[in-house]
Amino acid sequence: MDKRFADLANEGRPALVTYFMGGDPDFETSLAIMKSLPLAGSDVIELGMPFSDPMADGPAIQLAGQRALKAGQTLEKTLELARRFRADDKDTPIVLMGYYNPIYIYGVDRFIENALEAGIDGLIVVDLPPEMDDELCIPALAKGLNFIRLATPTTDDKRLPKVLENTSGFVYYVSMNGITGSALPDPSLIGGAVQRIKTHTTLPVCVGFGVKTAEHARAIGASADGVVVGTAIVNQIASSLTEDGQSTGATVPGVEALVRGLSAGVRGSRLAAAE
Amino acid sequence: MNETPKLNSFKAGPDEDGRFGIFGGRFVAETLMPLILDLQNEWSKAKNDPAFQAELQHLNTHYTGRPSPLYFAERLTQELGGAKVYFKRDELNHTGSHKINNCLGQILLAKRMGKTRIIAETGAGQHGVASATVAARFGLPCVVYMGATDVERQAPNVFRMKLLGAEVKPVTAGHGTLKDAMNEALRDWVTNVDDTYYMIGTAAGPHPYPEMVRDFQSVIGHEVRDQMMAAEGRLPDMLIAAVGGGSNAIGLFHPFLDDDSVKIVGVEAGGKGLDGDEHCASLTAGSPGVLHGNRTYLLQDRDGQIKEGHSISAGLDYPGIGPEHSWLKDAGRVEYVPIMDHEALEAFQFLTRLEGIIPALEPSHALAEVMKRAPKMDKDQIIVMNLCGRGDKDIFTVGKLLGMGL
C-alpha cells in the first residue's frame, strides 16, 4: 500500500479509492465487480464486510449489507472474495472495511492470519476508536496488517495525535459529521482540514463520505492524496438490479463506467488545481 | 453513589475505560468519541457537584413524586402462600415508569453541556415519553426514534409524545423494534454532534452511559433499603426485576450487590421459548459480542450478525443487555431467568384482578417469576419486586391477545 501511494505521488495525482460491499448482490457478481475496479481506474479497493447493524452508514450501504447477508455472505466468504481477486491481481491494495462484531466472533488472531493469507493490506473498523486499540489494532499492526483510522471534523488538534498514533497505510478523513452517503460539504473547507491533518502526519490523507461524481472527485483530489467513493458505487449497483435484487447484465458494466468517470476526475484534479 | 466500595466489591465497576470485566467499553465511531469524552468529563464533575445533586433531588421529589411507595402486596402474598411480596411502585412516577429518573438526570447534564436538542430511542415508548416530558419541561426540541412495529403496538405512547411536542420518527429497518431505533438515533447523533444530546434510555451503550444511567436509577434501590428497614427492620431476602436493557433492574440491584444475604434475580423475555429465535433472552441464550458501543451478551449468529429477537413486551424486545448485567451474570452475583410471553400475560391479569394494579408487560415478566418463587419460600421471607411501569400503554396489545375488542 505504501508503494502504491508513493508511485501515485510520483505520478503527481491522487488515488481513487473505491468501496463496494462484499457479496452484494451475490458472491460471483461481487467478485466480477471487484475485478473490474482496477481495470476501470481504481487504485485502492475498500471491500465492505456486511453487518446487520451498520450504525455509521446511510440507507444505501445499509441496504447493500442486507442484500449481501440475504445472499449468504459471511466474513469467511468476504475473505474468500479477496483471495480469489488476488489470484489475478497482486498489486491493487485491498482494505477491509466494516464493524467489529463479526471480526470479534470470527476470532481476532484467526482473522488477522486469514486476512493476511487472503492478501488483505489493511483494515478500517468503524467502531474501534483509538481508546479500543488493544482489541484489534495493536495485534494487527504487530502482524503487518495496516490499521487505517478515520479522522473527522470533531477530531481536533488535541485529539489528532492520539488518533494518528497507531495509524498506518493512510488516514481516512471523513468529510463531515454524519453517515455515509450524505451531501458533500464545501470542498474548500475540506482542503483546510486535509492541510491540518498533514501538519500532524506524513501518511497520505484520503477523503471520503459524500463524494459522488467525477466533479466531486476532481475538487477533492486537488488537495487530498486520495478520494474515496462508496455510496455512489453501491447506488449504481442497486439501480442495476431486478426488483428482487438479482444482478443483471448492466450491473458490472455500470460500475465500470462510473469508476472510469471518477478516475478521469481524479486524474484531472491536479491539472484543475494548477489552473 | 459516592460510598467507597469494599475490596472485592461488586460495586467497583466500571474502570476508567468503562469496563466491567470484559464487558462495556467505548465501541463508537471516531465522530462520537470526543463527545463521549466530554460527556464523561461533565458527568464526573456533575456527580460530585452538590448543586447538581440538589437540583436533581428537588425534581425527583416535586416533579416525579419520589420516593415512590414500597407497597406490601397483601392479597398477592396470601394467594401465593409463601414469602411476603413487596412492590417498589415506580409505576406511580410521573410519566408512569422508572424512565423519568434517568431522563431528569440526563437533561440536567445536557443543559450543563450547552446542548440545545434532545434525541432518544424508545421501545415501549416509556423512555420516549419520559424524554419528551423532560424536553418539554426544559424547553428543548426532542426527536424520538421508535421502531415502526413498536409505533403500532404502543400507539398511546406515540400520541403522548406528540402531545408533549416531540417528533416521533418511525424506523422501518429490521423488525422495526428497539435495536433499529437505537441504530437510527446513533446515525442522527453522528450527524448532529455539535448541538445534540443523545438521551440513552437504558444502562447500555458506550461508557459513561451504563454507569451514569445506573447511578440515576439507583435512587430506586437506595429508597428500597430505607423503606424496607422502616417496614421490616431488615433487608429483603430476594430482589426481582425485569431486564430488557436492564436500567430498572440495575437501579434496584446495585445498592444491594454487596449484601450477601440478598438473592438477586433478573428476568429476561423468554418470548415464545428459547428453542427458536423468538425470544430476547440474551443472557440465558446469547453470547458476548459488540453492539451499540459496548461489549455485552447478544443474540447473534455464528457470523456475528445480530438477530432480531421477539417479545410480547416492546420494552424487552432488544437482543442485547446492559454490560454490567453481563458482568454480574458471569460473576455469579445475579441469576438471570427467562419468562415466556404467556406467563407474563397471565401475571398481568392476575395482578390486575388481585391487587387492582395494572402493570406494564415488562414488570409482568418479573411478576411471573415472583409467582414461581414466592410459594416455595418461607412466610417470614421477603421478596421485593420492581413494579417499574404501569400497564395503560399495553391495554390494546393485551386486548388483542385476549381476543377482546377495544
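A residue is counted here as buried if 20 or more other C-beta atoms lie within 10 Å of its own. By this criterion Thr95(B), which has 23 C-beta neighbours inside 10 Å in the predicted model, is buried. Thr95(B) is placed in the loop between strand 4 (84–88) and helix 4 of chain B, and its backbone shows a positive phi of about 80° although the residue is not a glycine. A second residue of chain B that is not a glycine, His292(B), has a positive phi of about 50°. His292(B) is found in the loop between strand 11 and strand 12 (293–298) of chain B, and it counts as buried because 28 C-beta neighbours lie inside 10 Å.

Just after helix 4 of chain B, Gly114(B) takes a positive phi of about 75°.

Helix 9 of chain B is likewise described by its burial: nine of its nine residues are buried, so this helix is largely enclosed by the rest of the structure. Among the buried residues of helix 9 are Pro210(B), Glu211(B), Met212(B), Arg214(B) and Asp215(B). Tyr209(B), which also lies in helix 9 of chain B, has 31 C-beta neighbours inside 10 Å and for that reason counts as buried. When residues up to four places away in sequence are not counted, Tyr209(B) touches Ile200(B) and Ala204(B). The C-alpha atoms of Tyr209(B) and Gly24(B) are separated by 9.7 Å, although the two residues are 185 residues apart along the chain.

The two helices of chain B described above also pack against each other. Helix 4 (residues 99–112) and helix 9 (residues 209–217) of chain B meet at an angle of about 120°, with their axes 8 Å apart, and the crossing of these two helices is right-handed. On the side of helix 4 of chain B, the contact is made by Asn101(B), Asn102(B) and Gly105(B), while helix 9 of chain B contributes Val213(B), Phe216(B) and Gln217(B). By class, the residues of this contact comprise two nonpolar, four polar and no charged residues.

At the level of domains, the assignment for chain B gives domain 1 (27–52 + 99–213) and domain 2 (65–96 + 218–401). The C-alpha centres of domain 1 and domain 2 of chain B lie 23 Å apart, and the contact between them takes 32 residues from domain 1 of chain B and 35 residues from domain 2 of chain B. On the side of domain 1 of chain B that touches domain 2 of chain B, two or more residues are given by each of helix 4, helix 5 (126–138), helix 6 (148–153), helix 7 (155–163), helix 8 and helix 9 of chain B. This side of domain 1 of chain B has 15 nonpolar, 13 polar and four charged residues.

The contact of chain B with chain A takes 27 residues from chain B and 33 residues from chain A. Strand 2 (23–27), helix 1 (33–47), helix 8 (178–191) and strand 11 (287–291) of chain B each supply at least two residues of the side of chain B that touches chain A. Helix 8 of chain B gives the most to this side, with six residues. In terms of residue class, the side of chain B that touches chain A has 13 nonpolar, eight polar and six charged residues.

Terms used. Residues numbered from 1 in each chain as written. Chains lettered and ligands numbered in written order. Predicted model: local features only at pLDDT ≥ 70, side-chain atom pairs only at ≥ 80, totals over all residues. Contact = placed C-beta atoms within 7 Å. Helix = DSSP H or I, 4+ residues; strand = E, 2+ residues; numbered from the N terminus. Nonpolar A, V, L, I, M, F, W, Y, C, P; charged D, E, K, R; others polar. Axes fitted to C-alpha atoms, helices over the stretch in contact; angles between N-to-C directions. Left-handed = near helix turned anticlockwise from the far one by under 90°. Domains from an automatic or database assignment. Buried ≥ 20, exposed ≤ 12 C-beta atoms within 10 Å, placed from the backbone.
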